[in-house]
Amino acid sequence: REAMRVNGREGEGGGGGERGREGVNGAGTRGGDARRRGLDERAREVLLTRGLLLNKLVVTRTSGSRLGVATNLWVDTDVWEVVALDVRQNALVGNVDHVLLESLRQVGDVILVHDESAVERRWSSYGYSLVVGKDVVTESGQFIGRVRDFEFDPEDGAIARIIVDAWGVPTVPEGVVSTYAVDIADIITCG
């Protein structure tokens with residue numbers, strides 16, 4: 001099973017469903033103060049979660065054509081950016097096409113792309129990860145939980161935080177399990 005290692009001390013983190021911005025180890029981060037300032041600036045920006053995009057219709061801006069439904073997001077864990085989303089005819093069946101994040105024009109009740117050329121039929125997900133469901137452990141090897149979601153900037157795809165719970169199953173309501181936010185600066189490795 002693949003896991004993520006986070007910088008932190010054992011036994012820390014939020015509880016009772018809190019989504020704190022401290023991450024696992026508070027202010028001290030492995031990436032230094034420059035990365036922390038970048039996250040503080042990003043906190044003022046609009047962030048979307050993976051869960052907000054799933055099952056939304058993908059529609060063209062030019063003709064209003066329905067391209068399908070967003071079913072997954074692919075992440076480049078080397079730079080922690082969302083790069084593409086899977087699009088199917090409906091949420092359960094159909095061929096999987098891909099739309100690069102840079103092709104998105106607007107996200108609201110639907111996901112708007114400029115036109116049909118936004119669909120990448122020959123795109124490869126090799127080297128990218130779905131992230132959700134991966135184990136999250138401390139440097140010392142203590143299991144914290146599994147990734148259930150993540151927050152990212154829709155402009156550039158940069159992930160700000162991962163949301164962790166005991167199971168890593170997004171379909172389980174947040175009120176049933178405690179969730180924790182881990183700043184992406186605290187992530188050491190993924191794999």
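First, a term: two strands count as paired if DSSP finds at least two bridges between them. Strands themselves are DSSP runs of E with at least two residues, numbered from the N terminus. What you see is a predicted model, where local features need pLDDT of at least 70, side-chain atom pairs count only at pLDDT 80 or more, and totals for chains, interfaces and linings use all residues. Residues are numbered from 1 along each chain as its sequence is written, and side-chain values use heavy atoms, leaving out hydrogens and water.

Start with strand β11, residues 143-152. Strand β10, residues 135-138, pairs with β11 in the antiparallel sense over three bridges. There, V136 has G145 in β11 as its bridge partner. Four residues lie between the strands of this hairpin, and G141 takes a positive phi near 95°.

On to β12: β11 pairs with β12 over six bridges, again antiparallel, with D149 opposite I163. These two also form a hairpin, with six residues between them and a positive phi of about 80° at G157 in the turn.

Strand β2, residues 48-49, makes two antiparallel bridges with β11, and L48 stands opposite F152.

Last, V176, in the loop between β12 (159-165) and β13 (180-183). V176 is exposed (over 50% relative accessible area), at 56%.

How values were computed: Buried < 20%, exposed > 50% of the residue type's maximum accessible area, 1.4 Å probe, protein only.
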